[in-house]
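Dear colleague,

I am handing over the structure that I promised, and below it you will find what I have found in it so far. Please read the notes with the structure open beside them.

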Amino acid sequence: MLAVAPRKRNLSNEASKMPVYQSQTARTVAMTVFGALFCMQIAVFLPGVFGRYVAAGESIELAEAARLETALRYAGPATASAAPESLLTEALVSLELTRPDGSVLLSVDAREPQGEFDITEGTGPGRPVNLRLTTLEGPMVAHGWVSLHEQRSTAWREAMVSSLVALLVSLIGSAAALMAVSRHFLTPLARLVDTLRTGREASAEGLPHRVELDTTQDLHLLADEFNQLVDAQKKTSRQVKVKQQYLEFAAHHDPLTHLPNRLMFEDTLKSTVKQAVAERLQFAVFLVDLDNFKFFNDQYGHLIGDKMVAEVGNRLKTMVRDVDLVARLDGDEFVVIQRDVPDREAATAVAERLMKVATAPYEYRGFTLKAAVSVGISCFPLDVHEGQDEELLGEEIVNNAAVALQEAKGAGKNQAQLFNDSMRSRLTARIRLEQDLKIAIAEEQFEVWFQPKINIKTRQVTGAEALVRWRHPVNGFISPEVFVPVAEEAGLIIELGEWILRTACRQTHELQELGYPGLNVAVNISAVQFTDGNLLPMVRRALDDTSLAPSFLELEITESAVMHDPEEVIRSLHELSRFGMCLAIDDFGTGYSSLAYLKRFPVDTLKIDRAFITDISSDNDDVAIVEAVLGLGNHFNMKVVAEGVEDEDQLQFLKDQGCDIAQGFYISKPMAFKEYTEWLQRWPHGVVPLAASNKSEGATVLPIAEHVARRAQR
Ligand code: C2E
Ligand code: MG
Ligand code: MG
């Protein structure tokens, strides 16, 4: 801190610029220290001085007693001679010592029990006194004097000297203290003067501004300058504080809805679980997810999508108390923690209220928007394994709510689902499956099987679809329909998918080398792989390493996966297509493709879902669908593959309708590589020759839109 001498000036706003309190504080501190030290010195020395004075007084009194005795003995002739020594010891009753003005100096009763004269009062120095004695024979008066001047003045002198020494020591000590205090307060001022004069204050580049000062006004200017610096610093520190508060807020809140984010949700969950365990409280977690939000976003645009998310978030917020929490976890996913929810009925009632408020229509710039939401609910402690670590309890309750949410979505969306025991066992099985999958990938427990496809007209084999098989060491074969979705969710499909692709390419190339150079292979690619961003480099590496030409590889992506994120998939498909690979839309007819998107896909093949083929002979609707897909393929110059062909009638029907390729149990079930090799040798119609199967020789790979354009030109 720095002491600055305050300037005398008008009060008003000047005073606010010049914080006088700084010099007052300094002075107050200095004076306090000085006063304290002075008092300490006085306190130490005064008793000494007083002691000396008392001691001097005692010696005076002793001397006085002696003089009195002498005076009695030698008082004037009339009395002194008549006052024998025995008078003092035997006949003296009382003694009174008076001053010439008649005031009593000393009065003693000789008949005190101790029988001694006790002189307790002193006398003035060197003054004559009258001695009035009362004896058994009557009163007597004697004249005498007491000369105490010398002793008393000596005592006073000594006392005075002691006092002066004490005062001097005290002054020196206090002065030293004051100097120390002044140094403490003044040195920074001196430093400031130096700093300002040499211009070492902070400027834009971290260097000082130059300060020109009038020497006569140095101190005031310096004080002003200094105080301005202090004010600026205060302002900066206020700004820093506000910035810190903002950063703190931003770290824990979502910028779109201003609701708490995942981080804050995790903190709150932790403390809620802790409190619930300690105080045996109940609470419930609700995961609220907007239904079909992607579609909503695509249809109305991201701006309106954002408005919708913010609106739903704010509405949910109005439904909970201050002790509860609404947080935004992800794009369209919210979480609510509500305390004091005693049972599942109460939780369901809360979920219904949340759904009602979230799905109420909402007007925005002439649009009437209406969200649909699904809710997954988990109750604490009803749905958790009590007794475990608090962190695990938190994880468990959120996982439970997530499973319940999935269930709600799977059961048709726009509903709330409570977590229950059957979900728990599915969850346990799912977790076990995921663990087993990790081991299976590490131990390569998978095989790639091949299901042949034939050209319906010639019945020659054109290639095969590669289908993964998991031979579980305990449970035997597990269907890809069971484990592929789990691998997708756990992100394991990336590694597994690469292994499948490499194996399929390698083995197909082996077959080409064995004498079937026209054989191709179709590999299923998961939506997760498509949106991963590394698909093209991964595929190129696999082709390079296995020496399979790109045109012999067909990548199948399901229609539903395509529609999951059409823009991203279109981008990936174009990249892959440019590289020369064939692309097929799998399970076509089941995924509600938008034809608007379809014409932008650079696909070569449509694979009609087997559900439509199975009932082809009995269901007219299916016939219509198959005809429509064939018409679409024909129109856009795409191959159409019929999956799930199980008998000759179906094959004949497809042939009559102009379908290109068939795949199904009627031709062959999927087979392990060795069996496939043997099957190829047995197949009576042979394998397509090289030229007919190659992409460059077959259908030109162009987006449908381009096909349309070319057709129009023709
Ligand atoms: P998908 O790609 O549509 O594969 C065709 C499924 O239909 C195969 O089942 C095949 O065995 C079955 N199938 C073929 N012809 C017939 C038939 O005539 N009748 C009947 N009832 N079924 C037939 P699979 O191998 O169980 O595969 C099921 C699904 O699992 C596949 O459907 C595909 O979506 C997925 N999948 C299989 N292998 C892979 C893979 O390597 N990667 C990825 N991402 N998914 C795979
Ligand atoms: Mg497939
Ligand atoms: Mg299929």
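Which residue bridges the magnesium ion (ligand 3) and the magnesium ion (ligand 2)? The bridge is aspartate 586, and the two ions that share it lie 3.9 Å apart.

Before the details, please keep in mind that this is a predicted model, in which local features need pLDDT of at least 70 and side-chain atom pairs count only at pLDDT 80 or more, while totals for chains, interfaces and linings use all residues. Residues are numbered from 1 along each chain as its sequence is written, chains are lettered from A and ligands numbered from 1 in the order in which they are written, and side-chain values use heavy atoms, with hydrogens and water left out.

The magnesium ion (ligand 2) is coordinated at 2.1 to 2.2 Å by Glu465 (OE), Asn524 (OD1), Glu556 (OE) and Asp586 (OD), where donors are N, O and S atoms within 2.8 Å of the metal (3.2 Å for Na, K and Ca), and sites may look incomplete because water is not among the atoms. Glutamate 465 lies in strand 13 and asparagine 524 in strand 15 (residues 520-524), so this pair ties together parts that are 59 residues apart in sequence; strands are DSSP runs of E with at least two residues, helices are runs of H or I with at least four, and both are numbered from the N terminus. Glutamate 465 counts as buried at 3% relative accessibility, whereas asparagine 524, at 30%, counts as partly exposed (buried means under 20% relative accessible area, exposed over 50%, and partly exposed in between, with a 1.4 Å probe and protein chains only).

Aspartate 587 lies in strand 17 and glutamate 643 in the loop between strand 19 (639-642) and helix 21 (648-656), so they tie together parts that are 56 residues apart in sequence.

Aspartate 586 also meets ligand 1, since an N or O atom of its side chain is 2.9 Å from an oxygen atom of that ligand, which is a polar contact (a pair of N or O atoms within 3.5 Å). A polar backbone atom of phenylalanine 665 is likewise 2.9 Å from an oxygen atom of ligand 1. The largest share of the shell around ligand 1, four residues, comes from strand 13.

Best wishes

Notes. A polar contact is a pair of N or O atoms within 3.5 Å; within protein, one must be able to donate a hydrogen and the other to accept it, and residues adjacent in sequence count only if both atoms are side-chain atoms.
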